[in-house]
Each structure stands twice: as structure tokens, then as C-alpha cells.
Amino acid sequence: MERIGWTLLIVICAFIALPACGFAQGSSPCPRPAAGSVVAAPPDLFSEHGVLKVEFDYFTTVDAAGRNLFCFVTPLGEQAPTLHVQPGDTLEITVRNKVPEPPSGASMERAGSASKQCGAATMTASSVNIHFHGTNTSPTCHSDEVIHTIINSGQSFEYSVHFPADEPPGLYWYHPHIHGIAEAAVQGGASGAIIVEGIAKLQPAVAGLPERVLIIRDQNVAGNPTPGGPVPSWDVTLNYIPIPYPSFTPAIIKMKPGEREFWRVANASADSIMDLQVKYDGLAQPLQLVAFDGVPIGSQDGTRRGTVVTRTDVLIPPAGRAEFILDGPSAKVKSAVFQTLNVDTGPDGDNDPQRPLAIIQATPNVSPLPSAQEPSGPANPQRFEGLAQAVPTANRQLYFSEVLSDPSNPASPTNFYITVDGAPPTLFDPNNPPAITTSQGSVEDWTIQNRSGENHEFHIHQNHFLLLAVNGVPVPVEQRQFYDTYQIPYWKGTGPYPSITVRMDFRGPDTGDFVYHCHILGHEDNGMMAIIRVLPRG
């Protein structure tokens, strides 16, 4: 299959400016706040009687800087609502793709057998689907299947996603995952949070606290200046409020003086790495971390009781989530800043500089936040209990790498790969055979290396993994945690390759084909993804 990321992006830029999108000039279907606005919570939708039914219209428009925006909107005009479900619930979503068709002849065939087709048979620059990121849900058609699911302009599609009863309670998210145009859709803002309720059953410290959902996204820098120094590769937004270069005007978060809050933060960026920190009058504040990537810390050891880890900053790769308790500034604090620190992504990586995200204002005049649910009844059995003690049935080594598509031309596009050691590097194609085949019930230890000059972010669908070692050094047992996305720093050109070793859990009910990839979506779109097949037990 031809590499299509940049080609489709050019087509998107061309067809979105057509008169078919003219309606958006008067009333944008993807409204965005102004820089310096007060952070507002996303709208909330809650399941009832075990089901959450949602209707999404998928829209696009162009902002004043010429950037392509994308959004999921309900019939009531709620953009990117937070979807609240309980373990064991079913999420039913009707998606209607209202992005205009691209120009005639711009369609790109996505060949596949009829047995694998899910929705349309071909993809275009206007195609969409939804990935329910981090959820341990089925990779079958009409559930969390992204390899062959295609919803084209004017089409409607029904999702029915069942959350297992042992799903860890925490923060997840949803976003488009059409290979080749995922970066454009996510940078356009088509994403939102999913909260699986019940975290207070595992971590009572959050019960009843004011709950703040914060979603960081990225987008093109207006004017497209060359990144480097203070110029970031991408601008970022906080709950859609832009923090634009060069002013870096922060958003405003209002908190009652000294009040303790429960912050649920998703890095829904396509490419930008966050290293989050809160400072009061120059002093880094303790972040009392209670969950990563939707899994409460320390909750999978069989006790069903989480632990708290205190840090003064927390690195969140693209697609990662962190949930923590934060004490608001007192009325005496003169400067309270929520910021991201500089991230060294390597000589071939993006520029992710230090910049503010929000100014925290201590004031009694605060719009009330919803409260985290109080625990009701005992905690459910947890999906990954016993994994740390399980005996692995296989060991595998994989690696990230990248090369110029034309080594004789330094200006040629880069090909990105994730490869099982011993196999030839192969660009992703939805018709590729699985790079890994395993069976339900197996437990595997994978070592993933980074053999390139920039950071990569390992992510696998339908599953979480237990972090066992970093650069070959075992992680202390009390610091081992479950993730669905984890960063592997760049190789400096000499010495051992940076690596992580993780334990994969295929003991659950999910079988079939799904993917693993780098969650810097510019890398994924240009080849850095592969298929794993889990065969039914026996």
C-alpha cells in the first residue's frame, strides 16, 4: 500500500476549503474558545441501566489561521462530551460522517477481503472511525476495530462497545484512527474523554473531591514557523483553549483557595509529549498520583486497593493519562502556574519546549465542579490481577526504526517501522499478515528497543502491559505499573539501545486482530504500526 499520510493531508487542505464547508464561516460546527479563556469542563453524558447511547455527527471546518478542525458533536450541540460508563456497561454510538466528500478522483482504495470489510470498502480523505483508547474491549467490527472500519462522507455507522465487568476504573479517551490521516484528525481536535466509574472503590482518597477533567491537544502553529528554540513543533490547547506561540497566553483555571481537587488529565495530542508540573511562587507542588492510563496505581495485586505515588512532575506521552490529587493555592500565593517542561525528544525529534498551560487563580467565586463518586459496595475483580506472578509463555524483542525513503535524497520523506527482531522492516498496510500470532491465555514478556534518533511511544490496543524493566534495569516491584502507552527515549548513536521490557496479558476474552504502534501519530501514519493476532483458546 502506498504511503498516504502527506498525500491525504494535502487533499484534506484542498477539499475543506471548498464551498461545501462554507456554512462553517457563519456558525462553526467546531467552536473553540479564545486564548486566555477560563477553562470549562467538557459536557458530561452518563450511562443509564447499563447502557450509554450517544449520537455523534463528525464535522470539519477551518479556523482563522487556516487550520483544519474536526469534531464529534451530539444533536444537542455538545462537542467532545465526556462519556461516563460503569464496568459491565455497553456504549452505543451512532456516527454520522458529515465531512464533505473530497474532490472526484481523490478516493484511495483500501483493499481487503469482504470478510474483513467493516463499513465502506474504500477510504478517502474524509473517512473516519473511532478508537476507544485504552479500553479492554473487543477488536471486532462495530466494537473497537480500527484496521478495516471505514465510515465515509454521508455514511452512518453503529458502534456497540461492551466494557468488561473487570475493566479498571479510570480515564480513557476516544479519537479517530484511520491509518494515514489519524494525525490530521486528532490535531484537528476530534477527541474526548471516557471515564469508567468506580475509582473510589480502589482509591478512597479521591471520594467526594471536586473532579476536574483536562484534555491537552495539539495543532499546527499559526504561520508554520520553523521549529527550534522557543518555537514549538506544535501549539497546544487545554480543553480547546489555545496556548499560542509566540505569546504562550495561558488559559485560566479557577480554584477555591487551598481546596483539594481530583485532576484527570489526558494528553490527547497527536504528537506532543507533556511533562506536567504545577508551581506556586516558583515551588513545584506535590502531585499525588492515583492512576496512569486508566489503571489505579497498585490496584492489580489482588488486594483491590490502590496506592498513592507523589511526584513534582509527571511525563505523559501522546495518548497517556495521569490522574492525581492537587491542593489549590492559598490566597497568599502570588503566582500559580500549570505548565509543561521542556522534553528532549532527540536530534530527529520534535521541539517540545517548556511553556505554561494555565494560570491557577485562587478565588472563592468558582463554578462548582462535579464530585468524584463515593464508593458503593466492594471493588470489582480487576482485569490484570495476578499478572505479576504469572509465568511468561513467550519472550519477544521488537524495535522502532526509521530511514529516509530515498537515502540519496535528504529531503525525501521518512519511513517509520516497528519490527519483530529477525523479520524485515515493513511499512504498515491493513492487508499485512500479523507480525505476531499468539493465543488466548498466554502471558508474554516483550522487550521493545528504540534504534532511532528520536523518542517513540509504544502503544498496544485492547490491552495494558505491566512495566518490568527500563534499559534492562528491573523496575522495583512497588513502582511497577500498568500502562497502555509508554515512552522509549531516543538512541544517542552509541551504546545499548534504549528499551523497555513489559509483560503482556492475553488471558482476557479478546481475540482477533488488532494493532500496536508508536502513538506519535505522524509516525504511525507513515508506517510505524503492525498487527497482532490472538487466536481463541484451544
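Visitor: Why is Asn239 called buried?

Guide: Buried means under 20% relative accessible area, while exposed means over 50% and partly exposed lies in between, with a 1.4 Å probe and protein chains only. Asn239 has a relative accessible area of 9%, so Asn239 counts as buried. The model is a predicted one, in which local features need pLDDT of at least 70, side-chain atom pairs count only at pLDDT 80 or more, and totals for chains, interfaces and linings use all residues. Residues are numbered from 1 along each chain as its sequence is written, and side-chain values use heavy atoms, with hydrogens and water left out.

Visitor: Where is Asn239 found, and what is stated about its phi?

Guide: Asn239 is in the loop between β15 (235-238) and β16. Its phi is positive, about 50 degrees, although Asn239 is not a glycine. Strands such as these are DSSP runs (E, at least two residues), and helices are likewise DSSP runs (H or I, at least four residues), numbered from the N terminus.

Visitor: What makes Asp293 buried?

Guide: The relative accessible area of Asp293 is 2%, and therefore Asp293 is buried. Asp293 lies in the loop between β21 (287-292) and β22 (295-296). Asp293 also has a positive phi of about 50 degrees without being a glycine.

Visitor: Why does Thr345 count as buried, and which residues does Thr345 touch?

Guide: Thr345 counts as buried because its relative accessibility is 4%. Contact means heavy atoms within 4.5 Å. Leaving aside residues up to four places away in sequence, Thr345 touches Ile273, Asp350, Asp352, Gly453, Glu454, Asn455 and Tyr490. Thr345 itself is in the loop between β26 (336-340) and β27 (355-362).

Visitor: How do you know that β4 and β13 pair?

Guide: Two strands pair if DSSP finds at least two bridges between them. Three bridges join β4 (residues 82-85) to β13 (residues 192-196), and the two strands run parallel. Val85 stands opposite Val196 in β13.

Visitor: What is the strand order of the open sheet, and why do β1 and β9 stand at the edges?

Guide: The open sheet has five strands in the order β1-β4-β13-β12-β9, with mixed pairing. β1 (44-46) and β9 (131-133) each have a single partner strand, so one side of each is left without a neighbour in the sheet. Neighbouring strands of this sheet are turned by 25 degrees against each other on average, direction ignored. For such angles, axes are lines fitted to C-alpha atoms, for helices over the stretch in contact, and angles run from 0 to 180 degrees between N-to-C directions.
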